[in-house]
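Subject: Structure for you to look at

Dear colleague,

Here is the structure I said I would pass on. Please open it first; my notes follow below.

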Amino acid sequence: MSKGIANQARVGRQRARVGSKRRRVDKELEERVAQRASELATANEALRESERNWRLVLDNIPGMVAVLAADGTAQFVNRRIIEYTGMTRVEEYKEWGTNGTLHPEDLAHVAEAFTKSLASGSPYQIVHRVRRSDGVYRWFQSSGVQCRDASGQTVQWCSVLTDFDERKRAEDALRERERESRLIVNSIPGLVATLTPAGEVELVNDQVLQYCGGTLREMRQWATNGTVHPEDLAHAVDVIGQSMMSGDTYEIIERLRRFDGIYRWFQVRGLPFRDSGGRIVRWYVLLTDIDDLKRAEEALRESERESRLIVDSIPGLVVALAHDGEVEFVNGQGLEFFGLPLEELKHWGTNGAIHPEDLPQLMEDFTQAIASGQPFEWEVRGRRFDGVYRWFQSRGYPLRDPSGRIVRWYNLLTDIHDRKRAEEELRRAYDSFADAQRLSKTGSFITDLVADEHRWSDETLRIFEFDSATKVTSQRIRDMVHPDDLRSFDSVMARAMTGSDVTFGFRIVTAQGAVKNIRGVAHVIDQIEGRPMFVGALQDVTERMEAEEALNKARSELAHVARVTTVSALTASIAHEINQPLSGIITNAGTCLRMLAADPPDVDGARETAKRTIRDGNRASDVITRLRALFSKKEFALESLDLNDATREVIALSLSDLQRQRVVLQSEFADDLPNVTGDRVQLQQVILNLVRNASDAMMDVDDRPRQLLVRTERENGDRVRVTVRDSGIGVDRQSMNKLFDAFYTTKSGGMGIGLSVSRSIVERHHGRLWAEPNDGPGATFSFSIPLEPIPRSHGR
Amino acid sequence: MEVMGQQPLVSVVDDDESVRESLPDLLRQCGFAAQTFSSAEAFLASEALDETRCLILDIAMPGMSGPDLQQELIRRRHQIPIVFITAHSDESVRPELLARGAAECLFKPFSEAALIDALNTALRMR
């Protein structure tokens, strides 16, 4: 509003000035008109005629024309103007400064320019708005030129108004567009440049300058100043040059130097801009930073390469499946393992690649996994190229796109065949270990006595008749110990608490009332915080002990059988031993009778023969006594005995037999032999057995003396040894140990029971019996027993 | 030990001393001359070898056994009738010995009558 008022005031002043000028001009004109009225009177009519003519012309010009007086006052407006403004009277136009003919906003500069032009007389050209008849202002360019008369005086101004509205608006829009474009160009998150048709840099946007850290001038030197990476420069120059010639769009991937000297990859695209005549007026160049992209691509390529490498070098079979489960990819190992091409592997459900036994379950699980989208894992056998099925662990994971849809399944098959086999073997080993424990009635345990923690094997629990839920404690074990064995149990426990290895033997009474003989060992394997950890094994030896008793009994029976056998074998010898004195008795008795019956009776002779009879009778009696002792069935009876005596008796019994076998007997009895404690008869049986064996061994020896040496001696320490040495066929070392097996025999007629029984007898005396080959022919059998046998221990 | 020409000499070979003690007395009571030897070898080495009318011979002896001596005598063509005596009551040896020409085989202890019968048999064989 205030601006409007100020304008009005200015217009007012101007009008006043214009008014005074006009009045002066008018006055001058009136004077001249008056002066020359007469001169012109004649010419007036012609002039009026002429005036009418150019008025007609002006009115018909297809343009807006006004004629102003030299002072600028409107003198004439043609029909176009009148038609436009709707103002018919020329006076109205004289008031253009105040009546709104011109747009109020334009008044000032119009007045200024107009005044200036009037003053200088130079033509004017003003752009301003003129009100149309309907009140709408439109832009016009008002151009005015002076019309001078012959004297050079300005007489009039001729003004043409050109409708400028469309153009003005177009220009404004263009300017606006340009402004916006520049804004856009500078706001583009990219680098933009323009080139001249010759390819020189014309302009670059701010981003280019910021990126390069240089000026436009420097940008123009891009081909020489290192803006483009040296390696990429030749190519860039080449491409741009070609494009400039061909006018084709170009694209270069090149490295451009950043302000900090680092080159980054750019995609540079140039597009020609042509004018309406098709001539290239400019190149627009867009430079896109693709460094990150390029690096990402490289990284991706690298990672893909690596992935492929990994997939192919994974010690497993990798299978990629489509979302619906169809096999899409199998890695090298997979193809190699199955020995089938990918196409074939798509038909794994039918072509035997999967073990038939595993297939139905696999199909079911697989279908379910695919349907549910859940990762899967199972074990399955796959057929190798050579037809061998191997166990695999198959694990599958779905790959989902950002929206969560499954795009692919990855399936890794790991060969677990060996592991599976090992597991089976382990299971078998464990089973057999458990079986072994069960069969041998041997249980194992790991015990931390201090913490009272006991880990028992199944068999240990079974022996104690505990179920697996039983919490084993030392007290619970003790509660089961047979009252008679508690003292021994407690002392073993006390010893174990000190961290020593222990052996133990005690009886337990189970909940069922069964009495079991337990024997075992426990070793300290570790000390944890000063507490001994024991690992041990125990056995239920009840049956074994029963068996031992039975065996002992059997052994006694066997010993008896052996004795009887010996008796039968010795029958001849026995008969001989008895028949000899009997024979003497009978003969002597007969002789005695004959001597007494003689005449005269030979009393002295009879007495002599009677004495002989008695002597032979005693001799027979002795033999019978010895035999009875030797062959009577007696229990194991310990007594203190002299092995020399015992051996002599055996030799006495065997002597005739040995003689018959033509064996040369030599005996060496130690003088200082101490008595031993043992079963006289059983030890004599052993000696007899050895002597008979020696004799038998020499039965077929004819090329050398059949020598038999029987020796007694004291061994180092408190032992006594009896040695029987022959010069028979001998025994080879390999057979040496088998000799003592029951029923092993080298004799066609023997029972082979002798040596094994002999050994068991010697062992009952805590002695040992052994054989060794001689340096020369024959073998030597020996046994040695301690002077005082260790008392029989519990349970033996 | 040549006694009275007509008394036939009976030689006893046995390693058992009681036999050597007792048997000669009985033989003499029965009217024989008797001589004893403790081994076959001793008998073979003696002069009695040629004079013996009958031999009472133990089977089992150390060194040369009774049967061995029998064989040896056959080999030397000394046809001395033999009465074997043995303390080993093994009947199986008897037939073999008789087959080889022995007059009898007596098992100890034998009766006086059995001995005299055997001796008579032996002497008749001559």
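In chain A, strand S8 and strand S9 (residues 263-274) form an antiparallel pair held over eight bridges. Within this pair, A:Ile252 has A:Val268 of S9(A) as its bridge partner. Please keep in mind throughout that the model is predicted.

The two strands belong to an open sheet of five strands in chain A, ordered S7-S6-S10-S9-S8, with antiparallel pairing. Its edges are strand S7 (201-204) and strand S8 (250-257) of chain A, each of which pairs on one side only. On average, and ignoring direction, neighbouring strands of this sheet are turned by 30° against each other. Helix H9 (residues 230-246) of chain A packs on the sheet and touches S8 and S9 of chain A. The direction of H9(A) makes about 145° with that of S8(A).

A:Ala234 sits in helix H9 of chain A.

Chain A has another sheet to look at. This open sheet of five strands runs in the order S12-S11-S15-S14-S13, and the pairing is antiparallel. Strand S12 (327-330) and strand S13 (376-383) of chain A are the edge strands, each pairing on one side only. For this sheet, neighbouring strands are turned by 30° against each other on average, direction ignored. Inside the sheet, strand S14 (residues 389-400) and strand S15 (residues 406-415) of chain A run antiparallel and are joined by nine bridges. A:Gly396 stands opposite A:Asn411 in S15(A). Helix H13 (residues 359-372) of chain A lies across S13 and S14 of chain A, at about 140° to S13(A).

Next, the helix packing in chain A. H20(A) and H21(A) pack at an angle of about 35°, and their axes are 9 Å apart. The crossing of H20(A) past H21(A) is right-handed. On the H20(A) side the contact includes A:Ala646, A:Val650 and A:Leu658, and on the H21(A) side the residues include A:Leu683, A:Ile687, A:Leu688 and A:Val691. By class, this contact divides into seven nonpolar, four polar and four charged residues.

Helix H21 (residues 680-697) of chain A also packs with helix H22 (residues 754-764) of chain A, at an angle of about 145° and with the axes 9 Å apart. Here H21(A) passes H22(A) in a left-handed crossing. From H21(A), A:Gln682, A:Gln685, A:Val686, A:Asn689 and A:Asn693 take part; they meet A:Gly754, A:Ser758, A:Ile761 and A:Val762 of H22(A). The contact of H21(A) with H22(A) has three nonpolar, six polar and no charged residues.

For chain A as a whole, the secondary structure comes to 22 helices and 27 strands. The chain has 796 residues, of which 26% count as buried. Of the contacts in chain A between residues at least 6 apart in sequence, 51% join residues at least 24 apart.

As for the cores, the largest nonpolar one has 38 residues. The residues with the most contacts inside it are B:Val10, B:Val13, B:Ile56, B:Ile82, B:Val83 and B:Phe84. Leaving out residues up to four places away in sequence, B:Val83 touches B:Cys54, B:Ile56, B:Ala103, B:Glu104, B:Leu106, B:Ala118, B:Leu119 and B:Ala122. A second, separate core has 33 residues, among them A:Val676, A:Leu683, A:Leu688 and A:Val731.

Last, the contact between the chains. How many residues does each chain give to it? Chain A gives 24 residues and chain B gives 20 residues. On the chain A side, the elements that give two or more residues are helix H18 (542-597), helix H19 (603-631) and helix H20 (643-660). H18(A) gives the most, with 17 residues. The side of chain A that touches chain B divides into seven nonpolar, 12 polar and five charged residues.

Regards

Terms used. Residues numbered from 1 in each chain as written. Chains lettered and ligands numbered in written order. Predicted model: local features only at pLDDT ≥ 70, side-chain atom pairs only at ≥ 80, totals over all residues. Contact = placed C-beta atoms within 7 Å. Helix = DSSP H or I, 4+ residues; strand = E, 2+ residues; numbered from the N terminus. Nonpolar A, V, L, I, M, F, W, Y, C, P; charged D, E, K, R; others polar. Buried ≥ 20, exposed ≤ 12 C-beta atoms within 10 Å, placed from the backbone. Core = buried A, V, L, I, M, F, W, Y, C linked by C-beta atoms within 7 Å. Pairing = 2+ DSSP bridges. Axes fitted to C-alpha atoms, helices over the stretch in contact; angles between N-to-C directions. Left-handed = near helix turned anticlockwise from the far one by under 90°.
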